[in-house]
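Student: Could you take one part of this model and walk me through it closely, with the cut-offs behind each term? I would like to follow the charged side chains and what surrounds them.

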Amino acid sequence: MNCAQCFHSDYAHDGRGHSLTRRGECRIPGCPCRSFEEMIQTIDEELA
């Protein structure tokens, strides 16, 4: 799954674990993204 902010893979974000929402900043050099945002939440908010 990719981040809704920077579009990098969830594996590029710190804090690998069982929850996608607990991931930290992106580890790709030069990427300003500070927290992983799950795209599913964004879609759910648009449908509400």
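Tutor: What follows is a close look at the surroundings of one arginine, and then at the other charged pairs.

This is a predicted model, in which local features need pLDDT of at least 70 and side-chain atom pairs count only at pLDDT 80 or more, while totals for chains, interfaces and linings use all residues. Residues are numbered from 1 along each chain as its sequence is written, and side-chain values use heavy atoms, with hydrogens and water left out.

The chain has 1 helix and 0 strands, where helices (H or I, at least four residues) and strands (E, at least two) are DSSP runs numbered from the N terminus. Arg23 lies in the segment before that helix, α1 (39-47). Arg23 is buried, with a relative accessible area of 7%; the term buried means under 20% relative accessible area, exposed means over 50%, and partly exposed lies in between (1.4 Å probe, protein chains only). Of the 48 residues in the chain, 23% are buried.

Arg23 forms a salt bridge with Asp10, with 3.7 Å between the closest N and O atoms, a salt bridge being a side-chain nitrogen of Lys or Arg within 4 Å of a carboxyl oxygen of Asp or Glu. Both residues lie in the segment before α1, so the pair ties together parts that are 13 residues apart in sequence. Asp10 also counts as buried, at 6% relative accessibility.

In general, side chains of opposite charge can pair when their charged atoms come close. The structure holds 3 salt bridges. One of them joins Asp14 and Arg27, whose closest N and O atoms are 3.2 Å apart, and this pair links parts of the segment before α1 that are 13 residues apart. Asp14 is partly exposed at 30% relative accessible area, and Arg27 is partly exposed at 42%. Glu25 and Arg34 also meet in a salt bridge (3.5 Å, N to O); Glu25 counts as partly exposed at 36%, whereas Arg34 is exposed at 55%. The C-alpha atom of Glu25 is separated by 8.5 Å from that of Gly15, 10 residues apart along the chain.
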